[in-house]
Protein chains: 2
Amino acid sequence: MQSTNPTAAILVIGDEILSGRTREGNAHHLAKVLSATGFDLREIRVVADDHAQIVGAVQAFDKALGGAYDLLFTSGGIGPTHDDITADAVAAAHGTTLEINETARAALQARCDRMGTELTPNRLRMARAPVGSTLIDNAVSAAPGFSIGNTHVMAGVPEVFRGMVDWLIPRLPGGRPVQSLTIEVRRGESDVAEDLQAIAGEFPDLSLGSYPFNDDQGWGTNLVVRGLDADRVATAMDAVKQRLKL
Amino acid sequence: MQSTNPTAAILVIGDEILSGRTREGNAHHLAKVLSATGFDLREIRVVADDHAQIVGAVQAFDKALGGAYDLLFTSGGIGPTHDDITADAVAAAHGTTLEINETARAALQARCDRMGTELTPNRLRMARAPVGSTLIDNAVSAAPGFSIGNTHVMAGVPEVFRGMVDWLIPRLPGGRPVQSLTIEVRRGESDVAEDLQAIAGEFPDLSLGSYPFNDDQGWGTNLVVRGLDADRVATAMDAVKQRLKL
């Protein structure tokens, strides 16, 4: 698919994903949001709570650091415990260090006051942000994310991640949302491959995908046309239907 | 966690994941299997149906090509359509080309005979495998995966992927399965951080993780101890319980 939309990557950080303990869902959620808001997601990477892996990925992805993509979103590893090393690693990747952010401290203090708890040293850890970063609001549990360069650092807890995405995305300069049409055929992928390839050749500006599945009625295939221009997508889908006699 | 187990990466290939259309589940399934069979999964990467991205990832991961990990497993992009380019890209990464594999052709022919269909050129595409590769059995739909170097190429359709994993994993030299114990506490992660860090210091051979969640009873945290030695894991969990008075 031809697109001049900003490109993006997602970096998911957490041993619990790699061990199979947790099924990751934040990347899928953000992928849907990015498609709908005009960002072109090119890569998702999942790494351990490992300093070198995180630094390496941030530098490989963030254009501000010579990386491959316009924007980088991270999920996970910004909590209060010893294995939450994302903030340190992202700061290091950007050649800076962490400081207690006073706005973040105030938000955490206000939450502690409401809950009748103390802002302990461990809780205060969550007020750390790189020098020169700006905060990402956390409406759920106060501890903020942050943006530095083109890297946007968010929490791993799904409710908090979604809240941060809701806050952040409308504040970024997006592109044209992806338009897509899907049709399900009760035929195997092999049976539609040739026709689909022919149509793909006629519409080089679009993306035509075929996704086989197997359900209680046997094999079928979802045919998906994607592109930035709704009229072109509709025209291509008409061509698919005509050619496949649907 | 200290481990001498073989290291592994998973490469998921497919535009439909990055567009948010499909929620990926194969990596999570394989992550659980790898933990249980003694492989140390270090990284998951999701890329588009893009030749350069696939070649780059295979070369970055497969130790046989100077990459970072002992084993690489891929999912997706080996179907019959124009956007299924995984086999070509993996062959290129390994410096070889594709050929029609006669064993694969025979399996596909037998399936077509059973179903009363023809082995069309598109279906025959699924019999292509790199010169020098060995096949991975597909009990579900006949079209096989393949192994070349330390790269193991499997289908993206979940039922087929699982079948290939079931066939392949017992044939690989594994290590010691990871042992893990979990306890749920109805306390915030901040409240257990200090105690957990102290215990982690006493058990440098283990991995201690804390995973906050938010349900209808409010915030809680799952504490997880992981390691290769079941006795050590149990001893560390006892220490967690004692220290947190559980």
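Modeller: In this predicted model, contact means heavy atoms within 4.5 Å.

Colleague: Across which strands of chain A does helix α7 lie, and at about what angle does it run to β8(A)?

Modeller: Helix α7 of chain A comprises residues 158-168. It lies across β3 (71-75), β6, β7 (145-148) and β8 (151-154) of chain A. Its direction relative to β8(A) is about 145 degrees.

Colleague: Which strands does helix α7 of chain B touch, and what angle does its direction make with that of β8(B)?

Modeller: Helix α7 of chain B, residues 158-168, packs on the sheet. The strands touched are β3, β6, β7 (145-148) and β8 (151-154) of chain B. With the direction of β8(B), the helix makes an angle of about 145 degrees.

Colleague: In the open sheet of 12 strands, what is the order, and which strands stand at the edges?

Modeller: The pairing is mixed, and the order is β6(A)-β7(A)-β8(A)-β3(A)-β1(A)-β2(A)-β2(B)-β1(B)-β3(B)-β8(B)-β7(B)-β6(B). Two strands each have a single partner, so one side of each lacks a neighbour in the sheet. These edge strands are β6 (134-136) of chain A and β6 (134-136) of chain B.

Colleague: Which residue of β3(B) is the bridge partner of Ala9(B)?

Modeller: Strands β1 (residues 7-13) and β3 (residues 71-75) of chain B run parallel and are joined by five bridges. In β3(B), the partner of Ala9(B) is Leu72(B).

Colleague: Why is helix α4 of chain A largely enclosed by the rest of the structure, and which of its residues are buried?

Modeller: Helix α4(A) spans residues 86-93, and six of its eight residues are buried, so the rest of the structure largely encloses it. The buried residues are Thr86(A), Ala87(A), Ala89(A), Val90(A), Ala91(A) and Ala93(A).

Key
Residues are numbered from 1 along each chain as its sequence is written. Chains are lettered from A and ligands numbered from 1 in the order in which they are written. This is a predicted model: local features need pLDDT of at least 70, side-chain atom pairs count only at pLDDT 80 or more; totals for chains, interfaces and linings use all residues. Side-chain values use heavy atoms; hydrogens and water are left out. Buried means under 20% relative accessible area, exposed over 50%, partly exposed in between (1.4 Å probe, protein chains only). Helices (H or I, at least four residues) and strands (E, at least two) are DSSP runs, numbered from the N terminus. Two strands pair if DSSP finds at least two bridges between them. Axes are lines fitted to C-alpha atoms, for helices over the stretch in contact, and angles run from 0 to 180 degrees between N-to-C directions.
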